[in-house]
Amino acid sequence: MTHESTSRSEPLTDQEYSRLLAFRAELRRFLRWSEHRAADVGLTGAQHQLLLAIRGHLDPGGPSVSEIAEYLSARHHSVVQLIDRTEQAGLVARNREEGKDRRVVRLTLTEAGKQTLALLSATHLEELGRLTPLVDALADLTVAIPQAR
C-alpha cells in the first residue's frame with residue numbers, strides 16, 4: 001500500500017474523524033441507493049455509470065473505450081466486457097472513428113439508453129438535493145485540508 005505524504009504536521013482531531021465518517025457513510029448510502037435505482041430499471045450500477053460516462057463526455061463523437069476505462073477507474077478488458085453486456089441490452093452502440101484511426105471505437109447511447117439514463121438521472125438529481133449531510137461534511141473537510149503546493 002502506498003501513502004501520499006501530507007504537509008499536515010498535527011494529528012487529526014476527533015471532529016475531523018467524525019466529519020470523515022459522516023462523509024464516507026453518506027457517500028456509501030448514496031451509492032447503495034443508486035445501485036438499487038439502477039436495478040429497478042434492469043441495470044447494474046456499473047452499467048448505469050457507463051451510460052453516464054458516455055452521456056457526460058463532451059466530444060460529440062462519444063468517448064473511446066480507453067476514456068471510459070479512465071472514467072470508471074477500471075481495466076480496459078473489464079470495460080470491454082461491460083460494454084458488450086450493455087450493447088446486448090440495446091443501450092449503447094459502438095462506432096469506428098471515420099478518417100482518423102479506424103481502430104478507435106467510440107461509444108454512443110441508443111434511444112433506449114438515452115431514455116433509461118434520463119429516468120435515472122432525474123431521480124439521482126432529486127436525491128442529491130436531499131444529501132445536505134454529505135455536502136456539509138465535504139465542505140467541512142475541504143476547509144480542514146491544507147492546500148497542496
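Leaving aside its neighbours within four places in sequence, with which residues is Val79 in contact? In this predicted model, Val79 touches Val65, Ile68, Ala69, Leu72 and Ala74 once those sequence neighbours are set aside. Val79 also belongs to the largest nonpolar core, where Leu51, Ile54, Ile68, Val79 and Ile83 touch the most other members. That core holds 20 residues. At least two residues of the core come from each of helix 2, helix 3, helix 4, strand 2 (105–109) and helix 5.

The overall organisation of the chain is as follows. The protein chain contains six helices and two strands, and along the sequence these elements follow the pattern α-α-α-α-β-β-α-α. Of the 149 residues in the protein chain, 30% are buried. Among contacts in the protein chain with a separation of 6 or more, 54% are between residues 24 or more positions apart.

The packing of helices was examined next. Two packed helices are described by the angle between their axes and the distance between the axes. For helix 3 (residues 65–72) and helix 4 (residues 76–88), the axes come within 9 Å and cross at roughly 100°. An angle from 65 to 115 degrees counts as roughly perpendicular, and helix 3 and helix 4 are therefore roughly perpendicular to each other. On the side of helix 3, the contact is made by Val65, Ser66, Ile68, Ala69 and Leu72. On the side of helix 4, His76, Val79, Val80, Leu82 and Ile83 take part. Sorted by class, the contact of helix 3 with helix 4 has eight nonpolar residues, two polar residues and no charged residues.

Helix 4 also packs with helix 2 (residues 45–56), at an angle of about 90° and with the axes 10 Å apart. Because of that angle, helix 2 is roughly perpendicular to helix 4. Helix 2 contributes Ala46, Gln47, Leu50 and Leu51 to the contact, while helix 4 contributes Leu82, Ile83, Arg85 and Thr86. The residues of the contact of helix 2 with helix 4 comprise five nonpolar, two polar and one charged. Leu82 and Ile83 of helix 4 are listed in the contact with helix 3 and also in the contact with helix 2.

The loop between helix 3 and helix 4 includes Ser73. Ser73 is not a glycine, yet its phi is positive, at about 50°. With a relative accessible area of 70%, Ser73 is exposed, because the threshold for that class is over 50%.

Charged side chains were then considered. The count of salt bridges comes to eight. In one of them, the side chains of Glu127 and Arg29 meet, with 2.9 Å from N to O. This pair links distant parts of the chain, with Glu127 in helix 5 (residues 111–129) and Arg29 in helix 1 (residues 14–40), 98 residues apart. Glu127 has a relative accessibility of 7%, so it counts as buried. Arg29 has a relative accessible area of 34% and is therefore partly exposed.

Arg94 takes part in salt bridges with Asp84 and with Glu87. The side chains of Arg94 and Asp84 meet at 2.6 Å, N to O. Here too the pair links distant parts of the chain, with Arg94 in strand 1 (residues 92–96) and Asp84 in helix 4, 10 residues apart. In the salt bridge of Arg94 with Glu87, the closest N and O atoms are 2.4 Å apart. Glu87 counts as partly exposed at 32% relative accessibility. Elsewhere, salt bridges that share partners join Glu26, Arg29, Glu127 and Arg130 into one network. Arg94 is partly exposed, with a relative accessible area of 30%, and Asp84 is partly exposed at 30% relative accessibility.

Ala118 lies in helix 5. The C-alpha atoms of Ala118 and Leu52 are separated by 9.4 Å, and the two residues are 66 residues apart along the chain. Ala118 has a relative accessible area of 47%, which means that it is partly exposed.

Technical notes. Residues are numbered from 1 along each chain as its sequence is written. This is a predicted model: local features need pLDDT of at least 70, side-chain atom pairs count only at pLDDT 80 or more; totals for chains, interfaces and linings use all residues. Side-chain values use heavy atoms; hydrogens and water are left out. Axes are lines fitted to C-alpha atoms, for helices over the stretch in contact, and angles run from 0 to 180 degrees between N-to-C directions. Helices (H or I, at least four residues) and strands (E, at least two) are DSSP runs, numbered from the N terminus. Angles under 35 degrees count as roughly parallel, over 145 as roughly antiparallel, 65 to 115 as roughly perpendicular and the rest as oblique. Contact means heavy atoms within 4.5 Å. Ala, Val, Leu, Ile, Met, Phe, Trp, Tyr, Cys and Pro count as nonpolar, Asp, Glu, Lys and Arg as charged, and the others, Gly among them, as polar. A salt bridge is a side-chain nitrogen of Lys or Arg within 4 Å of a carboxyl oxygen of Asp or Glu. Buried means under 20% relative accessible area, exposed over 50%, partly exposed in between (1.4 Å probe, protein chains only). A nonpolar core is a set of buried Ala, Val, Leu, Ile, Met, Phe, Trp, Tyr and Cys residues joined through side-chain atoms within 4.5 Å.
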